[in-house]
Amino acid sequence: MARMLQHAKPDQLVELVLPYLWVALADGRVPANICVDACMTLRNAYGQLGVRAELLPVDLAIQNQDGGGTRYGSLTPRWTGTSWNGHCVLVLPDSGRFVDATVEQFDEVRAIGMGPMVGKVALSIDGDGSLMEPGAKVVLQRGDLVLTYTVAGPEALASIVEHPEAVAHADGHRRTGVNVASFTLAALRGEGVRGRAMQTPYPRLRALLRAVGDVPYEADEAGDVRFCLPDHNDQERWLRLDEIPLPPTVPAPWPRS
């Protein structure tokens with residue numbers, strides 16, 4: 001993590017660091033729907049820092065050097081009880097980045113040991129608001145493997161966000177996302193990093209860095225990360241990231257309804 005922070009460019013800091021941090025915090029605990037849970041959580045985490053992130057259901061084909069390979073996910077994913085049989089990634093529209101935080105759930109990718117996949121993609125917003133047309137392909141390299149992601153249609157996205165399983169866990173995804181964003185903010189204010197973090201194109205992140213300065217933070221008994229800061233009444237309290245007072249000109253977190 002320290003090496004990544006040292007070498008990332010200002011506009012890459014949040015995009016690159018946050019998925020790696022999520023993996024570190026997960027600490028081997030893999031839920032049944034790891035990609036859905038990760039994407040829902042990271043969408044909220046990115047959003048708290050002012051970075052728009054959107055879910056993108058995909059089919060994934062992993063090809064090895066001899067031409068063989070395995071296909072994962074589906075262009076027409078379905079739920080079986082509480083398990084979803086597709087694969088899901090995130091797209092960051094403002095920076096054109098593609099994030100597969102759970103790519104190492106697949107054995108052949110995990111064997112290479114490079115962590116989450118973050119790549120650049122060309123985005124074209126359709127008339128229906130989609131970020132990428134169904135059938136569009138994103139081809140990325142990981143070691144000797146070629147990973148080909150094929151974008152599923154809007155029905156696949158609806159199968160995630162409208163399903164009772166996702167709705168039931170929405171508050172948990174948001175809460176965990178706020179905590180992941182809090183640890184990210186703490187990392188980005190470190191010596192040698194904060195100056196570059198203040199150059200990122202995200203006004204909300206810059207405002208949060210100014211607000212927290214070098215104040216202490218800790219996790220409470222419920223596991224929520226809190227910073228010791230004055231509240232709206234100028235009373236010092238331990239505040240969650242989403243409770244920190246910011247100027248009214250600071251953009252609201254994503255997602256925005």
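Reader: Which residues does Tyr46 touch, not counting residues up to four places away in sequence?
Author: This is a predicted model, in which local features need pLDDT of at least 70 and side-chain atom pairs count only at pLDDT 80 or more, while totals for chains, interfaces and linings use all residues. Residues are numbered from 1 along each chain as its sequence is written, and side-chain values use heavy atoms, with hydrogens and water left out. Taking contact as heavy atoms within 4.5 Å, and leaving out residues up to four places away in sequence, the residues that Tyr46 touches are Val14, Glu15, Leu18, Pro19, Val51, Ala53, Leu90, Leu92 and Val99.

Reader: At what angle do the axes of helix H2 and helix H3 cross?
Author: The axes are lines fitted to C-alpha atoms over the stretch in contact, and angles run from 0 to 180 degrees between N-to-C directions. Those of H2 (residues 13-26) and H3 (residues 34-48) come within 11 Å. The pair is oblique, since angles under 35 degrees count as roughly parallel, over 145 as roughly antiparallel, 65 to 115 as roughly perpendicular and the rest as oblique. The axes cross at roughly 135°.

Reader: Which residues of H3 make the contact with H2?
Author: From the side of H2, the contact is made by Val14, Glu15, Leu18, Pro19 and Trp22. Their partners in H3 are Ile34, Ala38, Thr41, Leu42, Ala45 and Tyr46.

Reader: How do the axes of H3 and H7 cross, and at what angle?
Author: The axes of H3 and H7 come within 7 Å, and their crossing angle makes H3 oblique to H7. Residues of H3 that meet H7 include Asp37, Met40 and Thr41, while His173, Arg174 and Thr176 are among those in H7. The axes cross at roughly 55°.

Reader: Is Asp234 buried or exposed?
Author: Asp234 sits in the loop between strand E11 (225-230) and E12, and it has a positive phi of about 65° although it is not a glycine. Most residues other than glycine have a negative phi. With a relative accessibility of 60%, and with exposed meaning over 50%, Asp234 counts as exposed.

Reader: Which residues does a cis peptide bond join?
Author: The bond in question has an omega of about -10°, and Pro255 has its place in the segment after strand E12 (236-239). Most peptide bonds are trans. The residues joined by the cis peptide bond are Trp254 and Pro255.

Technical notes: Helix = DSSP H or I, 4+ residues; strand = E, 2+ residues; numbered from the N terminus. Buried < 20%, exposed > 50% of the residue type's maximum accessible area, 1.4 Å probe, protein only.
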